[in-house]
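Biologist: I am new to this structure and would like a close look at a single part. Please take me through the contact between the chains, then a few aromatic pairs.

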Amino acid sequence: MLFNSINYFIFLPLVFVLNYSIPGKYRWILILSSSVIFYMIGGISTIAIPIIIILTTFICGILIDKSAKAGRRKLYFLAGLFVNLGILIFFKYINFIITTTFEISGLINSFVSSKQGDSQQPLILQMLIPLGISYITFQAIGYLIELKRGNQRAEKNLGIFAAYLLFFPKLLSGPIERAHHFIPQLRGKNEFNYEMTVEGFKRILWGLFLKLVIANHLAIYTDAVFNNYEYHSGVTLLAASVFFVFQLYADFSGYTEIAIGSALILGYRLIENFNRPLTANSITDFWRRWHISLSNWLRDYIFLPISYSLVRELMKKAVKQKISEYVSYITGIIITMTICGIWHGASWNFVIFGLFFGIIMTIEFLTRKVRRKMRKSIPSLIDNIIGISFTFICFTFSMIFFRSETLKDAFHIINSIFKNDGAFFRGVPSTLLFCLFGISILLLKDFTDEYMPSRFLFFKNKRKYVRVLSYSLTIIIILLIGAFDGRQFIYFKF
Amino acid sequence: MTAGNLYILNFRELIIRKLVLNIILIISIVFVLDFAIGHILRHYYFRESRGYHYRTTYSMEKTNAEILIFGSSRANHHYISGLLEDSLKMTAYNTGREMSGIFYQTAILKSVLKRYTPKLIVLDFAGEEGKAEQYDYLSSLLPYYKTHEEIRNIIELKSQFERIKLVSEIYPFNSEIRTIIYGNLENKEPINAEDKNNKGYIALYGEVKAKIADVDNSTSLKVDTNKFNSFREFIQLAKSSGAIVIVSYSPIFQKYNRLQDLEICKGICSSENITFWDFSKDTTFINKIDLFYDIGHLNHNGAILFSNIVATKIKHEIFKKDKDAI
């Protein structure tokens with residue numbers, strides 16, 4: 001069920017009314033049943049997979065919690081990890097692994113024997129990928145890690161645990177919630193809260209605006225260009241790459257706003273996923289502001305464990321502390337960002353996407369002292385402009401790999417940007433106009449929120465008439481120029 | 001029940017009432033704004049004197065041309081109405097519109113047939129006639145939902161909630177504000193000179209610029225049977241009106257390999273005894289850079305050549321046969 005569909009806006013109010021009609025302590029039952037219905041509407045045929053994940057993680061969690069011996073805890077943890085990772089790898093990456101192995105073996109064969117390669121094709125498994133598989137497994141793995149570390153007690157109620165993993169507003173594209181943050185909310189009384197409900201409505205409205213008015217219009221242009229990239233000039237491909245940055249931001253943050261808003265009106269707070277990423281002045285800063293729940297997950301469960309264990313190992317071998325820190329940071333960040341890339345999709349262009357960020361963040365780490373010194377000699381405004389522009393250029397470049405179907409396509413587009421001169425593709429004039437309008441709104445919103453947080457308030461204005469008029473005009477603008485073409489949210493496919 | 005509980009209950013009722021009242025207030029403002037803006041947009045939409053809105057309105061409500069051309073952008077850029085008029089000594093209008101599929105064309109035909117019967121109807125086969133996922137283009141018919149009952153069932157194919165969406169007065173004009181302003185800019189002249197002279201036809205100037213990559217369109221499509229049904233409905237409606245009907249597959253830069261939908265449409269024409277002309281493999285056009293604007297569209301020179309061929313073919317093969325029959 002799409003968040004921007006009429007079906008969802010029938011479903012959500014129904015759950016909202018039911019939610020506050022039943023006693024607080026039983027509301028998790030409604031949350032669980034509505035989440036299961038939500039899942040089944042989108043993918044009934046794969047419902048068995050989240051059930052397996054829930055049961056395995058739940059049982060392993062209890063066993064970890066009950067075991068006093070470290071060895072046993074580790075064993076149960078590994079069992080849970082194996083099932084979760086196994087499911088994720090099988091459904092999301094198996095075809096990528098098969099084709100890559102096939103290509104490598106073909107390459108080796110062509111070196112070993114002079115025979116021309118035969119026309120055999122790798123076996124591609126045709127299967128449905130369970131909805132929200134990456135998000136569900138990441139939450140389950142995070143839960144198991146926290147239990148193993150002893151930071152959390154196991155949840156004893158299977159229903160509440162299932163409701164945590166399946167909670168419908170975050171089911172398809174996150175945020176990747178932490179159990180210690182969300183499960184206590186499911187156990188709480190969950191009384192009707194006026195402020196939370198109003199905030200929820202506001203965020204849903206803003207999310208719809210981002211998706212329908214900004215992202216979908218930008219998608220019309222970027223799809224027209226990227227789907228026929230062979231026919232477009234360098235300047236057009238460059239413009240489409242820049243537009244795609246804004247499209248992805250509006251699309252994903254629009255989804256997140258609707259998700260967080262939906263949770264709020266039901267009385268639950270999800271963690272924030274964006275913090276004005278367009279104002280980031282370095283790539284490291286960018287990943288603290290973009291898809292925050294994923295960045296934090298990767299930091300806590302991949303980067304820090306790798307870095308700490310490497311530092312420990314290197315120190316044991318009497319390597320100097322400074323060198324140990326450098327090696328562990330660089331190794332940790334390269335591995336983490338590559339995993340971040342692969343998490344987004346099973347293809348080489350996502351590997352390059354992640355690796356690219358790993359390399360940039362390494363450069364930023366290595367040059368941090370020099371840059372700090374330089375910063376002292378230039379005005380902070382200029383420094384910020386340089387930092388923000390650099391970050392934006394890097395992110396735009398990475399988007400070429402993100403948007404392309406294959407690595408070959410990505411390189412073709414990069415090559416065309418530099419070499420293929422020709423006319424700029426305008427498309428339908430209205431589309432370009434709406435694209436520029438959307439981009440201006442996104443930039444204005446991020447920069448005013450960052451640098452002038454108390455000015456230009458519309459939804460949060462002290463005067464009621466300004467607020468009411470702002471909501472009404474937002475709805476009117478959505479009706480007037482929103483693109484209601486039922487376009488999917490980009491992050492659904494991850 | 002204690003006084004404390006009663007207080008909590010009253011407080012809860014109060015805040016729920018506050019929430020409901022605020023929602024009602026916002027809905028009322030939206031309703032008023034929607035009504036006012038929607039009516040202004042409707043007024044100016046139907047006052048347009050040029051552009052594709054105007055041409056759709058003209059096709060549905062005003063034209064009484066003897067020859068009508070139907071189709072998508074390929075029809076619109078390939079058939080020069082004036083040239084057909086001069087050659088066949090009959091009035092002609094090109095109702096083709098960019099990115100419009102068979103549903104749009106059937107809707108236009110239904111509205112036309114409600115008013116009069118043309119003598120000759122030419123439907124341009126666009127290729128990929130059965131391709132799925134093109135229902136969003138039905139948005140171009142939304143402004144006519146209220147006033148044209150005959151096309152409502154076609155518009156409702158767009159989505160199951162289309163009738164609910166159409167409660168909004170603004171929605172039919174969604175994303176059309178720039179075009180409405182543009183269409184009203186020269187409203188001193190009742191009909192824009194460009195549109196009047198071209199009679200629906202829009203010329204494309206220039207030649208294929210970019211290097212054309214090999215296009216493999218031999219793979220099979222996900223077929224939408226609704227579209228083939230609509231194609232059949234178009235043919236049957238046109239035929240039963242008493243008009244002469246021709247389905248023509250106008251030239252394309254490269255050979256069209258996707259036989260699936262071509263064969264189905266040809267089969268429908270054959271079963272309905274309708275002439276099908278296939279120019280897609282005509283060597284006069286294939287790979288001729290100077291005759292094409294892009295891979296799917298003839299430029300003005302190409303359109304002149306093609307329209308002359310069509311006019312001659314109509315004169316000699318259709319009208320002559322018709323006369324002989326009489």
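Modeller: What follows covers the interface and then the aromatic rings.

This is a predicted model, in which local features need pLDDT of at least 70, side-chain atom pairs count only at pLDDT 80 or more, and totals for chains, interfaces and linings use all residues. Residues are numbered from 1 along each chain as its sequence is written, chains are lettered from A and ligands numbered from 1 in the order in which they are written, and side-chain values use heavy atoms, with hydrogens and water left out.

Chain B brings 37 residues to the contact and chain A brings 33, where contact means heavy atoms within 4.5 Å. About 2,800 Å² is buried between chain B and chain A, 71% of it on carbon and sulfur atoms; buried area is the accessible area (1.4 Å probe) that two parts lose on being put together, summed over both. Of the area that chain B buries against chain A, 19% comes from B:L19, B:S175 and B:R178, more than from any other three residues.

On the side of chain B that touches chain A, α1 (3-45) and α8 (177-184) of chain B each supply at least two residues. Helices here are DSSP runs (H or I, at least four residues), numbered from the N terminus. The largest share of that side, 15 residues, belongs to α1(B). By type, the residues of this side of chain B are 23 nonpolar, six polar and eight charged. Nonpolar covers Ala, Val, Leu, Ile, Met, Phe, Trp, Tyr, Cys and Pro; charged covers Asp, Glu, Lys and Arg; the others, Gly among them, are polar.

Between chain B and chain A there are zero salt bridges, a salt bridge being a side-chain nitrogen of Lys or Arg within 4 Å of a carboxyl oxygen of Asp or Glu.

Now the rings. Over all chains, the structure holds 70 aromatic pairs. Rings of Phe, Tyr and Trp (its six-membered ring) pair if their centres lie within 6.5 Å; planes under 30 degrees apart are stacked, over 60 edge-to-face and the rest tilted. A:Y249 and A:F274 are tilted, because their ring centres are 5.8 Å apart and their planes at 55°. A:Y249 is in helix α10 (residues 234-265) of chain A and A:F274 in the loop between α10 and α11 (283-289), so the pair ties together parts 25 residues apart in sequence. A:Y249 is buried at 6% relative accessibility, and A:F274 is buried at 14%. Buried means under 20% relative accessible area, exposed over 50%, partly exposed in between (1.4 Å probe, protein chains only).

In chain B, B:Y45 and B:F46 pair edge-to-face, 5.0 Å centre to centre with 70° between the planes. B:Y45 is buried at 1% relative accessibility, whereas B:F46 is partly exposed at 27%.
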